[in-house]
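Hi,

Here is the structure I promised to pass on.

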Amino acid sequence: MKKFLLLLGIILTVGEAFALDNKTLSEKANLEYVQNDIDNAFQTLLSIPEEERTSQNWLLLGNILHDKNRVDDAIYMYNQAIQTDSKDYKPHYNLGEIYLEQEKPNSALAEFKRVLEIKKDNPYARYNLACAYIKLGEYKKARKELLAAISLKNTVPEFHYNLAYVYKQLKNDKNAKIYLEYFNKLEAGNNEL
């Protein structure tokens, strides 16, 4: 019985050491990524066994691959991040951005809606959702999302510019002019609206 307990203690200690090593590797990769040491961050992340990778690990791998124009590989990594932690909104957001780039607005809509299910107060998800609606010609839905984005963060010039565009498409020149003026003020560095 003592041998069993000793063996169990050794197994648990070794298991804890591996977990600590992978945690340390994750921290090292995060630091390398933040310091823009991308190649080393990538290699560090790859050294973590797949079954031990966190959602953040998969996300960073996806970001690195997306930056290297390996979009299909990035999509795979983001989907792995989602499988690892379904409550992490970031991989959904990044997938949405890829789908917008690829002119797949319906796929982008699905991803940005998922972001908003997880994190309702994300102004950039609202903005990108509006961009997908614009691509689909659904200007009233785009207007709603842009107004929501602006209510969350009114200092982003692009939010106002796209809302001016949407109002122009909706034949509301008065509001188009107002939001274009807001855009111009923000672009000029005047954050007072």
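**Helix packing around H5**

I'll start with helix H4 (residues 71-84) and H5, whose axes come within 9 Å of each other and cross at roughly 155 degrees. An angle over 145 degrees counts as roughly antiparallel, and H4 and H5 are therefore roughly antiparallel to each other. Their crossing is left-handed. On the H4 side the contact is made by Val71, Ala74, Ile75, Tyr78, Asn79, Ala81 and Ile82, and H5 brings Pro91, His92, Asn94, Leu95, Ile98 and Tyr99. Sorted by class, the contact of H4 with H5 has ten nonpolar residues, three polar and no charged. Keep in mind that this is a predicted model.

Next along is H6. The axes of helix H5 (residues 90-101) and helix H6 (residues 105-118) come within 8 Å, crossing at roughly 160 degrees. That makes H5 roughly antiparallel to H6, and this crossing is left-handed. From H5, the residues involved are His92, Tyr93, Leu95, Gly96, Glu97, Tyr99 and Leu100; they meet Pro105, Ser107, Ala108, Glu111, Phe112, Arg114, Val115 and Ile118 in H6. Nine of the residues in the contact of H5 with H6 are nonpolar, three are polar and three are charged.

Then there is helix H3 (residues 55-67), which packs on H5 at an angle of about 20 degrees, with the two axes 10 Å apart. The cut-off for roughly parallel is under 35 degrees, so H3 is roughly parallel to H5. H3 passes H5 in a left-handed crossing. Here Ser55, Gln56, Leu59, Asn63 and His66 of H3 touch Lys90, Pro91, Asn94, Ile98 and Glu101 of H5. The contact of H3 with H5 comes out as three nonpolar, five polar and two charged residues.

**An aromatic pair in H10**

Searching the whole structure gives eight aromatic pairs. In one of them, the rings of Tyr179 and Tyr182 have centres 5.3 Å apart and planes at 85 degrees, so the pair is edge-to-face. Both tyrosines, Tyr179 and Tyr182, sit in helix H10 (residues 173-187), three residues apart, which is about one turn of the helix.

The average pLDDT for the chain is 89, and 87% of the residues score at least 70. The exception to flag is residues 1-20, where pLDDT is below 50; this stretch has zero contacts in the model beyond near neighbours in sequence. Where pLDDT is low, the predicted coordinates should not be read in detail.

Cheers

How values were computed: Residues are numbered from 1 along each chain as its sequence is written. This is a predicted model: local features need pLDDT of at least 70, side-chain atom pairs count only at pLDDT 80 or more; totals for chains, interfaces and linings use all residues. Side-chain values use heavy atoms; hydrogens and water are left out. Axes are lines fitted to C-alpha atoms, for helices over the stretch in contact, and angles run from 0 to 180 degrees between N-to-C directions. Helices (H or I, at least four residues) and strands (E, at least two) are DSSP runs, numbered from the N terminus. Angles under 35 degrees count as roughly parallel, over 145 as roughly antiparallel, 65 to 115 as roughly perpendicular and the rest as oblique. A crossing is left-handed if the near helix is turned anticlockwise from the far one by less than a right angle, and right-handed if clockwise. Contact means heavy atoms within 4.5 Å. Ala, Val, Leu, Ile, Met, Phe, Trp, Tyr, Cys and Pro count as nonpolar, Asp, Glu, Lys and Arg as charged, and the others, Gly among them, as polar. pLDDT is the predictor's confidence in each residue, from 0 to 100. Rings of Phe, Tyr and Trp (its six-membered ring) pair if their centres lie within 6.5 Å; planes under 30 degrees apart count as stacked, over 60 as edge-to-face and the rest as tilted.
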